Amino acid sequence: MCGIIGFTGKRDVKEILLHALETLEYRGYDSAGIAVKQQKSGKTEIFKCAGRVRELRALCDRSEISSECGIGHTRWATHGGVVNRNAHPHQVGKVTVVHNGIIENYKELIAYYKLESGLDSETDSEVAAALLNHFYEGDPVAAIRKAVTTLRGTFALVILFDDQPDTIYSVRNVSPIVATISEEGAILASDVTALCQFTNRYFVVPEYHILTMKPDSIRLENLKGECVEPEYLTVDWELNSSEKNGYPFYMEKEIMEQPDAILKTIDKRIVDGMPDFASDGVPDDLFTGCERICIVACGTAMHAGLILQSLVKRVLNMHIDVELASEFMYSDPVIDEKTLVIAVSQSGETIDTLEALKYARRHGAKGLAIINVKGSSIARESDYVLYTEAGPEIAVASTKAYTTQLAVMYLIVARMAYLKGIYSREQTGAFIAELRRVPEAMREVLAKRDEIHRIAGRVIEAKDLFMIGRGLDYSILMEGSLKLKEVSYIHSEAYASGELKHGPIALITQDTPVVAVVTQKKIRQKEISNIREVRSRGASVILFEKAELADEVSAEFAPCMLPDMQDEFMVMPASVALQLLAYYVSCDKGFDVDKPRNLAKVVTVE
Ligand code: F6R
């Protein structure tokens, strides 16, 4: 949460900072601010306001800014309300700071070092500035060293010292910072999307290392003062892949990109028609040696885990748990060295998932991460990583990350089934051939977007809505329901349709919208009966059904037909339909689809 940027070099910094903050705004959009070293006066000047980056831009446009060195921040509020004075950067004495994370001992620090008089905001972050100022006696690195050893909590700090021209300092614990240097200057940011405009080579600043950036050099050192070589990574995202490319919202663009993202994710892992993780360095004994699997993830990524759970049970007949990462450590999980823990995360920075993975590995489990962002914290914490090839996902509501996570999971199931002798080579090949058909099936759903847009019109006025299904259909509806509620603010609940009559059916009244998905042959009859039960209580039923299952019974509900795939694979095309539904409801309600209220894309607080 919170987006950070810093640049020092040979270009006007104002536009670099503002553009990067626009790119990073999905990390938080409660307030925005920049601090620049003004060329004329040499002073560090701050421009900040509650609200979006566009308001900060307007403020900057009204001001005189001439600078080639500065830092910036977009905030997701934790400590203190959404008001100007809580916006970053914070300045105390000679020190100006932007911060991502939570300083847990800020109250103790204020009392112990008597920092109160220098503080103006309600934030924990300003305390970091005050502490650095307290320790600063002309040597920035010495001050940072002292400060970080007293701070408790998570932090990515980016710091300007008044009397250090053109120089930016940074240090972090848990919260991410990536950096790079190009011909134009040195740049750092919370995530790589903001660096793509300069270069595709970057490094992750290691925890408790101090980064010193000057226009033509960077120095990385540990807390003992020893110089450390940065480990560069390459991101193969197009330089413009974090732009909207003509779509009104990133969410639509990202929904549309799914067929290509799936292909990119699976193609490199299919060798001679067989699933193969050799190029990822994932050994087969990781799968053959484990006795149970435990998935840890949050939100949409956890919903992807539910699909893997169904597949593993169905195909591999194996024990598998899916745990909400935030609950994991506190639920006395059964973990040992025969457990394979799979951490699933788009950002690779979700702190609950990271902590759950660390906990599991401390208890002997092997860790495999399914991650979209290369070099992210969870990727580095894990024994093995399978990267999804979704490219940058900017809309807060996850779409292509989810379906590419699913694609990786299908590959895992196929590989495991083959290794365990459950599938022959032919059966494995047939499973993979069906997986390869997914992009085409998704395209068929995308081609129906006008029809789905019309369907969205039926729920736009709803206050409450239910989504019902069984088995895999229920799992995807949990994700569809999350998608709808987060972007449209309609209260939506996914229910296993067989459970309705044990309570929730009491909430169905005349015209309550009920979205049903029917894609699984063996439970279709029961699903249809459940749909009839709600309809006879007045519900307005919206049915998405696999075309080949539809008959005169379902014709009563005028279903939106989903393309035919084998039942296990219907998850992916059906998910696209539900994503489009949520998207159009949000659009037609006139909301900022990409930035739903109260949310942030990267959740780095517990
Ligand atoms: C919902 C959504 C969130 C994330 C969750 C985990 O659309 O995006 O529920 O899935 O915050 O994030 P990652 O995948 O980055 O760990």
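Predicted model: local features only at pLDDT ≥ 70, side-chain atom pairs only at ≥ 80, totals over all residues.
Which helices each supply at least two residues of the lining of the second largest pocket?

Residues are numbered from 1 along each chain as its sequence is written, and side-chain values use heavy atoms, with hydrogens and water left out.

Let me turn to the pockets. On a 1 Å grid over the protein atoms alone, a pocket is an open set of points with protein on both sides within 12 Å along at least five of seven lines, whereas a cavity is a set of points where a 1.4 Å probe fits but cannot get out; lining residues have an atom within 4 Å of a point. Grid points are joined across faces, edges and corners, and a volume is the space filled by probe spheres set on the points.

To answer the opening question, the two are α1 (13-24) and α2 (53-61); helices here are DSSP runs of H or I with at least four residues, strands are runs of E with at least two, and both are numbered from the N terminus. The largest share of that lining, three residues, comes from α1. The second largest pocket holds about 430 Å³ of space. Of its 22 lining residues, Glu 22, Thr 23, Lys 244, Tyr 250 and Lys 595 lie nearest the centre.

The largest pocket has about 600 Å³ of space. Its lining numbers 32 residues, with Cys 298, Gly 299, Thr 300, Lys 601 and Val 603 nearest the centre. Here α9 gives the largest share, five residues.

Finally, I come to helix α4 (residues 125-135). Nine of its 11 residues are buried, so α4 is largely enclosed by the rest of the structure; buried means under 20% relative accessible area with a 1.4 Å probe, protein chains only. Ser 125 is one of these buried residues, as are Leu 131 and Phe 135.

Methods. Buried < 20%, exposed > 50% of the residue type's maximum accessible area, 1.4 Å probe, protein only.
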